[in-house]
Amino acid sequence: MSSAQRRMLDPAEAQRKALQRPFCLSVKGHVKMLRLVLTVTSMIFFILAQAPEPYIVITGFEVTIIFFFVLLYLLRLDRLLKWLFWPLLDVINSLVTTVFLIIVSVLALIPETTSMTVLGGVFGLLSAVCCLADGALIYRKLLFNPSGPYQKKAAHDQKHTL
């Protein structure tokens, strides 16, 4: 019997897959997509304003990493590559990105520069807020819905032996 036939015979697995929401339709997906759009917008404003290169490089690097995570979750590679604990990497990335974007955005807003640089800084701050929300959502999922070797079992689910 092939693995495809075994999967078709297992109604519990079929029901579990039916209950899983696609990444694009989840709250986490919406926040990550919004974060990607805001960071790209910030980078575009920095490029148009000919802002200092670190502003462009940092936002470009963040766009690349966010795009990687979106692609990872869209293709469900996080479930295929189980040797890395992806939610923890995503939380760490969100926190580091928040720090970098706040620094870049504040530095872009402090001096009197062009309006494009100010807009890049404002969109960078909005993106930093989305990074915090993204990190909080993933961290909350880690606490309340752990998976893999970190899974906690409730006391009432354990079998009692006498």
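With which residue does Arg35 form a salt bridge, and how far apart are the closest N and O atoms? In this predicted model, the partner of Arg35 is Asp134, and the closest N and O atoms of the two side chains are 2.6 Å apart. Arg35 belongs to helix α3 whereas Asp134 belongs to helix α7, so that this pair ties together parts of the chain that are 99 residues apart in sequence. Arg35 counts as buried, because its relative accessibility is 0% and the limit for a buried residue is under 20%. Asp134, likewise with a relative accessible area of 0%, is buried.

Asp134 also meets the side chain of Lys32 in a salt bridge, for which the N to O distance is 2.6 Å. This second pair again links distant parts of the chain, with Lys32 in helix α3 and Asp134 in helix α7, 102 residues apart. Both of these residues are buried, and for Lys32 the relative accessible area is 1%.

Lys32 has a further partner in Asp90, with which it forms a salt bridge whose closest N and O atoms are 3.0 Å apart. Because Lys32 lies in helix α3, which spans residues 27-48, and Asp90 lies in helix α6, the pair ties together parts that are 58 residues apart in sequence. Asp90, with a relative accessible area of 0%, is buried. In general terms, side chains of opposite charge can pair when their charged atoms come close. In this model the count of salt bridges comes to three, and through shared partners Lys32, Arg35, Asp90 and Asp134 are joined into one network.

The surface of the model was examined separately for nonpolar residues. A nonpolar surface patch of about 840 Å² is made by Val99, Ile102, Ile103, Val106, Leu107, Leu109, Ile110, Val118, Val122, Leu125 and Leu126. The elements that contribute two or more residues to this patch are helix α6, covering residues 86-109, and helix α7, covering residues 115-144. Of the contributing elements, α6 gives the most, with six residues. One of the patch residues, Leu109, is found in helix α6, and with a relative accessible area of 31% Leu109 is partly exposed.

Note on methods: Residues numbered from 1 in each chain as written. Predicted model: local features only at pLDDT ≥ 70, side-chain atom pairs only at ≥ 80, totals over all residues. Heavy atoms only, no water. Patch = residues over 30% accessible without salt bridge, like charges linked within 9 Å, V, L, I, M, F, W, Y side chains within 5 Å. Areas by Shrake-Rupley, 256 points an atom, 1.4 Å probe, with all protein chains shown as cover. Salt bridge = Lys/Arg side-chain N within 4 Å of Asp/Glu carboxyl O. Helix = DSSP H or I, 4+ residues; strand = E, 2+ residues; numbered from the N terminus. Buried < 20%, exposed > 50% of the residue type's maximum accessible area, 1.4 Å probe, protein only.
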